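User: Can you walk me through the ligand and metal sites in this one? Start with whatever terms I need.

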Amino acid sequence: CAKEKGKDQFAFYTKEMEEKTLYYIHMVNRIRKAIEKNEFSLVYQPFIDLETKEILGVEALIRWNHPTDGYISPVDFIPIAESNGMITQITKWVIKNAIEQKVEWKNKDVHLKMSVNLSGNDLVREEILEYIKSIIEDKKLKCKDFQIEITETAMMSNLDKAVDTLTKLRELGVQIALDDFGTGYSSLNYIKNLPIDVLKMDRDFINTIINENEEEALVSYVIKLAQALNLKVIAEGIETKEQEAFLLKNKCNMGQGYLYSKPIDPKNMEKIYKKYLSNID
Ligand code: C2E
Ligand code: MG
Ligand code: MG
Ligand code: MG
């Protein structure tokens with residue numbers, strides 16, 4: 001009987017693996033087509049000074065509307081693009097488009113720092129570093145108006161090379177943010193040696209703020225840690241006034257989340273920015 005069961009299980013896993021493989025191949029083909037046919041777009045989510053509510057900049061987030069299957073989340077396709085190397089092309093597309101948007105905004109007197117997500121694979125390639133450098137110089141932008149976000153996990157996966165590339169980017173003046181902080185394995189010791197300027201506290205953290213004292217303590221600890229290391233902090237995924245109040249009380253510098261704005265298209269982003277400017281006049 002045990003043998004029978006074992007056999008069934010084997011058959012079951014094989015089928016599941018086969019389905020996964022087929023899905024993977026299907027996705028790889030669709031991503032390749034999406035790159036060729038330019039099916040991607042970017043939306044922008046503002047991050048703000050929590051105290052003054054000044055809009056400091058935006059995070060560019062990729063969107064993929066497939067002609068027949070509709071919306072496909074970056075959470076689903078980015079890892080696949082990473083696993084077969086297509087991510088480099090996608091990252092270049094994102095950088096190019098985000099910078100072109102930045103130029104357009106600059107010409108319209110919309111002054112926002114531009115933050116772009118990079119994957120771990122991008123950091124092991126000199127190519128991306130050169131690409132960022134040349135395109136920023138070409139458009140006559142300032143590197144300090146540009147930020148890249150990299151997750152702890154991505155950085156850890158090839159630490160030496162990541163540190164090397166990030167150091168070079170930072171020497172140019174590009175700001176480096178550690179994304180989704182709190183979800184990885186970072187220890188104090190390790191953080192203090194990284195070439196970073198900003199900690200982005202993961203929204204899972206922020207989510208649990210209210211009524212869970214332990215998490216509250218954790219968030220305030222992270223903010224204090226960041227201050228001690230001279231890093232700025234952005235709290236991600238702020239959805240409620242209570243979360244905002246707690247973060248303000250604990251002297252968190254910056255915030256991002258649906259409470260302020262969802263990721264939106266460039267035109268709407270301009271509107272929000274102009275509205276903000278008219279309020280402070
Ligand atoms: P991330 O970089 O941590 O981006 C933040 C994610 O949280 C975004 O999801 C954003 O829409 C969402 N978010 C922001 N505020 C709130 C909130 O208040 N509540 C909730 N529930 N969610 C909020 P999105 O756009 O689906 O992106 C998911 C992840 O995909 C990103 O996480 C990033 O890791 C990756 N990603 C997105 N765009 C790119 C890209 O251009 N390149 C690369 N390499 N990765 C990207
Ligand atoms: Mg990010
Ligand atoms: Mg994040
Ligand atoms: Mg994330």
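Analyst: For the metals, donors are N, O and S atoms within 2.8 Å of the metal (3.2 Å for Na, K and Ca), and sites may look incomplete since water is not among the atoms. This is a predicted model, in which local features need pLDDT of at least 70 and side-chain atom pairs count only at pLDDT 80 or more, while totals for chains, interfaces and linings use all residues. Residues are numbered from 1 along each chain as its sequence is written, and side-chain values use heavy atoms, without hydrogens and water.

User: Which residue bridges the magnesium ions, ligand 3 and ligand 2?

Analyst: Asp179 does, and the two ions lie 3.9 Å apart.

User: What else holds ligand 2?

Analyst: The protein donors of that magnesium ion are Glu59 (OE), Asn117 (OD1), Glu149 (OE) and Asp179 (OD), at 2.0 to 2.3 Å. Asn117 lies in strand E4 (residues 113-117) and Asp179 in strand E6, so the pair ties together parts 62 residues apart in sequence. Strands (E, at least two residues) and helices (H or I, at least four) are DSSP runs, numbered from the N terminus.

User: Switching to ligand 1. Which residues come nearest?

Analyst: Arg63, Asp179, Arg203, Glu239 and Tyr258, out of 21 residues around ligand 1. A residue counts as near if one of its heavy atoms lies within 4 Å.

User: Which elements supply the shell around ligand 1?

Analyst: Strand E2 (55-66), helix H2 (74-83) and strand E6 (175-181) each give at least two residues. E2 has the largest share, four residues.

Terms used: Chains are lettered from A and ligands numbered from 1 in the order in which they are written.
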